[in-house]
Amino acid sequence: MTDEPTRAEVCVVACAEAWRGDGAILASPMGLIPTLAARLARLTFAPDLLLTDGEAYLLDQDDQVEGWLPYAKVFTMLAAGRRHVMMGAAQIDRYGNQNISCIGDWKRPKAQLLGVRGAPGNTVNHPVSYWIPRHSPRVFVSAVDMICGVGYDRGDPGPHELRVVVTNLAVLDFGTPERVMRLRSVHPGVEVSDVVAATGFPLVIPDEVPVTRLPTAEELELIRTRLDPGGARERELP
Amino acid sequence: MTPDEVVAELRDGMTIGVGGWGSRRKPMALVRAILRSPLRNLTIVGYAGPDAGLLVASGQAKRIVTGFASLDSIALEPHFRRARQDGTVELTELDEGMLHWGLLAAAHRLPFLPIRAGLGSGVLEVNPELRTVRSPYADPYGIGEELVAMPALRLDAALVHMNRADAAGNGQYLGPDPYFDDLFCLAAERAYVSCERIVPSLEGPPQSLLLNRAMVHAVAETPNGAHFTSCVPDYGRDEAFQAHYARAAADPAEWERFRAEYLEGDEAAYQEAVRG
């Protein structure tokens, strides 16, 4: 494997890193790149993660059924805190409030989106990360139109941990005293100024911003030959 | 009972819970029977899919109580989306877990159940009638004693679809997930079950016998009655037809053609048309 890793492959690995150290918990990825990432994490540095087939079965590394998890049990697992979900976001603000419900006035939205789904419960019960394939000021806004996922300025209503926000440009987190969003790393080929320009609120920028780590040879091999041989990951980025 | 006989027992203004999830094991034959009826001002409670979409499109659902409206393989229910944007449907938007808890409270005849989901979120702002409670006990988890008091979601009627049932009202699901169909039945004054086949005696694992006859008031045999939603293992989602539905829903003239072709006749005519 001599090819340089693509941006999508860097993103898969950056998303996988979200689950590092989580142990035996349910990993619930929303979207293709988070799904590849969770499977990659389990095949490498997070072998204890539990993954579903998207319906009601838990599948092991060889896609054999190892458990049964209908929606009622998912709700119980999440309330028990034994889960770490990576969701998308139509909008997200500097405190990590996330919106997937609608754009515009909730009473009569300009665009109806998914609805709140399980985001309110997820964010007050267990770790949550976000994957945003198109980092732009339309997504990174000063205030979201409907708070679905709960951010850090909402009174700390539960076991609340927003782990990371991975985008096509960078990895961000909330590792600041005020728990506002900071730039943790930029992907190879991305300038800090690119991220700042694509973000509609002031980001905390450390003096030294590292570059997101590259996939290892083993990770690239797994992504390209086992997890996504058709290369669908490339179509999730702009 | 036939689907039309079931629907004849429903009344204007009722709150009706619909089982299944998104575009999975929905009692579509019963929903289609509602479309043929003059029922109006309905409140539809559930994990919404094309059931809610069709009843919004027909103008019969005044309010939807849900956390989403999705066709699963197509992320957004097109009729629901349009109705929200046009302001023609009211919405009680709840976290998925809150909906579960509201049904559980109603099934248990409790006024509410406490839940953490919703705290800090916009759900409490868009539903100003929701209240919080403080635990009367010390918090053993160190997490917080203030909780959302999720009110019981009492239903006038529940509509659910099973793979098999017997004539007495015992119901069996054979797919991977029971969803919350048993809670819908217990939360309702009257529960109506449609099924792929009424059998003299139910076979298979006892854990698949989700509904018992004390929870169910009437059964209708509706082969292919969840179409176009999935009803595994009897059949999967009809993705081609669902895509046709979604395309038609995007355009009023197209939708009028779709409605005339599939939804004006009775259930037998629908099944004939979708076979065609």
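How many residues of chain A are in contact with residues of chain B?

## The contact between the chains

In this predicted model, 33 residues of chain A are in contact with 33 residues of chain B; two residues are in contact if their C-beta atoms, placed from the backbone, lie within 7 Å. On the side of chain A that touches chain B, the elements giving two or more residues are α3 (71–79), β9 (111–112) and α4 (119–123) of chain A. Of these, α3(A) gives the most, with 3 residues. Helices (H or I, at least four residues) and strands (E, at least two) are DSSP runs, numbered from the N terminus.

By class, this side of chain A has 20 nonpolar, 8 polar and 5 charged residues. Ala, Val, Leu, Ile, Met, Phe, Trp, Tyr, Cys and Pro count as nonpolar, Asp, Glu, Lys and Arg as charged, and the others, Gly among them, as polar.

## Basis of the model

Residues are numbered from 1 along each chain as its sequence is written, while chains are lettered from A and ligands numbered from 1 in the order in which they are written. As the model is predicted, local features need pLDDT of at least 70 and side-chain atom pairs count only at pLDDT 80 or more, whereas totals for chains, interfaces and linings use all residues.

## Two helices of chain A

Helix α2 (residues 32–43) of chain A packs against helix α6 (residues 217–227) of chain A at an angle of about 120 degrees, and their axes are 11 Å apart. Axes are lines fitted to C-alpha atoms, for helices over the stretch in contact, and angles run from 0 to 180 degrees between N-to-C directions. The helices α2(A) and α6(A) are therefore oblique to each other; angles under 35 degrees count as roughly parallel, over 145 as roughly antiparallel, 65 to 115 as roughly perpendicular and the rest as oblique.

From α2(A), the contact is made by Leu36(A), Arg39(A), Leu40(A) and Leu43(A), and from α6(A) by Glu219(A), Leu222(A), Ile223(A) and Leu227(A). By class, 6 residues of this contact are nonpolar, none is polar and 2 are charged.

## A sheet in chain B

Chain B holds an open sheet of 3 strands in the order β5-β7-β6, with antiparallel pairing; two strands pair if DSSP finds at least two bridges between them. The edge strands are β5 (112–115) and β6 (131–134) of chain B, each pairing on one side only.

Strand β6(B) is joined by 4 bridges to strand β7 (residues 146–151) of chain B. Arg134(B) stands opposite Glu146(B) in β7(B). Helix α5 (residues 96–107) of chain B packs on the sheet and touches β5 and β7 of chain B.
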